[in-house]
Amino acid sequence: MAEQKRWLTEDKLALIMGLFLFMLGMLTFAGVDALGWAVKTNVWVTADKIFGAATGTYKGLPGYAALLITFVFITTFLSVGVKFLGGDVPKFIKSFTLVFFISIACYAAGHYAQIAATPDKVEKLGIPWSLGLTGEAGFIIALLAGIFFGNITPGFADKMKEALRPEMYIKIAIVILGAELGVKAVDALGLASSVIFRGLCAIVEAYLIYWALVYYVARKHFKFSREWAAPLASGISICGVSASIATGGAIRARPVVPIMVSSLVVVFTCIEMLILPFAAQYFLSGDPMVAGAWMGLAVKSDGGAIASGAIADALIRAKVFADTGVMYQEGWVTMTATTIKIFIDVFIGIWSFILAVVWCKYIDCKPGERMKFSAVLDRFPRFVLGYVITFLIMLALCATGPDLLKFGKSTIASTNVFRGIFFLLTFFTIGLVSNFKKLWAEGIGRLAAVYVVCLFGFIIWIGLFISWLFFHGMKPPVV
């Protein structure tokens, strides 16, 4: 065991655990649905509809049974990891039980129909209105609940101390995320080639502008160190939480840095989701594909960007039909937002490697010392390697044919449930470890100011201009 402790880090453990879940999901290719029993949280009106099994294979399994099975599985799964890291397993189980069920309660609250339902689902659910935030509102509720317990009831929060491992949770989630991206990328290969080509051009141009500007503003005008400026620039420029965590690992930032950036990303994603789709309906109903690209370029979380695309899709189609009688095919605005977001996500691994090289060669290198490639590999986040592996495997398999793509979609139907749960655990525990007095001293107020200045000062507008530049004049097919 002593030897294991010398080489086994949380980063490597997250890689191993994420790949283990991925391999269980891959059993669908052999006809075995090994994870379909995992609990899925639904948009609900009545409490009996909150939970269900992840896939149709287990459709007869009661929702609360799926919840309990998932709890036992994840607790056992993580306890093995904690044991190898030298943690106190009995204390972890007690702490994690509280963390898990409070987190799930927050997620369920975020899925309440009048909070989560998108405009195209309101009538079907029989409700008069909804905020349209999608189930991602559950992440915000979990974050706020964690902040409340961590700052207002420190004694209760202390009972969960052993399970406060937000970085491990998010790293496992990112490994699983690669599989989802691989399947969606294959789906994108079958879309209109002009959308794919224009999307690639748009994200390369936007990303190179975004990252440099955010980094410059954070360093020059807000006087942040490189340790803070780089994860912030990646979080705002690429895909929020995943990118900021990966960048933090590449430059060896203190854990508090990407965690604080991640919490801000989630808050601002919800703000954007409340504003941008309705702005797109008002100003871009004549250019619906521009609206979709704008959602993909401007909204930073995966779910937030795709959900914003879906909201904009529903709102714009309804407005165009009401104004002109023309009904566009459903899904093209959403597809454009999704395609843009997928290509942005690919940059996580590439950018982490580039930053690891830059930090080794120019920033952390001593005078007269030559950069060693082994040093770059040493600081390259292992969990990002898992993200790349799962992405490439699913991309290669699913691109082989429609049957394998179908199996790929079945695989991510179950693994994505675990990705969502680990993201949820991340945000609740981020809240718990967020001591506001310490965070204020670290500069969270200035960090939020950078985010506001960059997001509303130029990111939204550059994203809009680039979207118009590449997608102006494109229309969805008419029904």
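Modeller: Gladly! Helices (H or I, at least four residues) are DSSP runs, numbered from the N terminus. This is a predicted model, where local features need pLDDT of at least 70, side-chain atom pairs count only at pLDDT 80 or more, and totals for chains, interfaces and linings use all residues. Residues are numbered from 1 along each chain as its sequence is written, and side-chain values use heavy atoms, without hydrogens and water.

Biologist: How do you know what span to expect for helix 16?

Modeller: The expected span is 1.5 Å times one less than the number of residues. Helix 16 (residues 332-363) has 32 residues, and its 44 Å from first C-alpha to last is close to the expected 46 Å.

Biologist: Why is Leu274 called partly exposed?

Modeller: Buried means under 20% relative accessible area, exposed over 50%, and partly exposed in between (1.4 Å probe, protein chains only). Leu274 has 41% relative accessibility, so it counts as partly exposed. Leu274 lies in helix 13.

Biologist: And why is Lys223 called exposed?

Modeller: Because its relative accessible area is 62%. Lys223 is in the loop between helix 10 (193-221) and helix 11 (226-237).

Biologist: What makes the phi of Lys223 worth a remark?

Modeller: Most residues other than glycine have a negative phi. Phi of Lys223 is positive, near 60 degrees.

How values were computed. Helix = DSSP H or I, 4+ residues; strand = E, 2+ residues; numbered from the N terminus.
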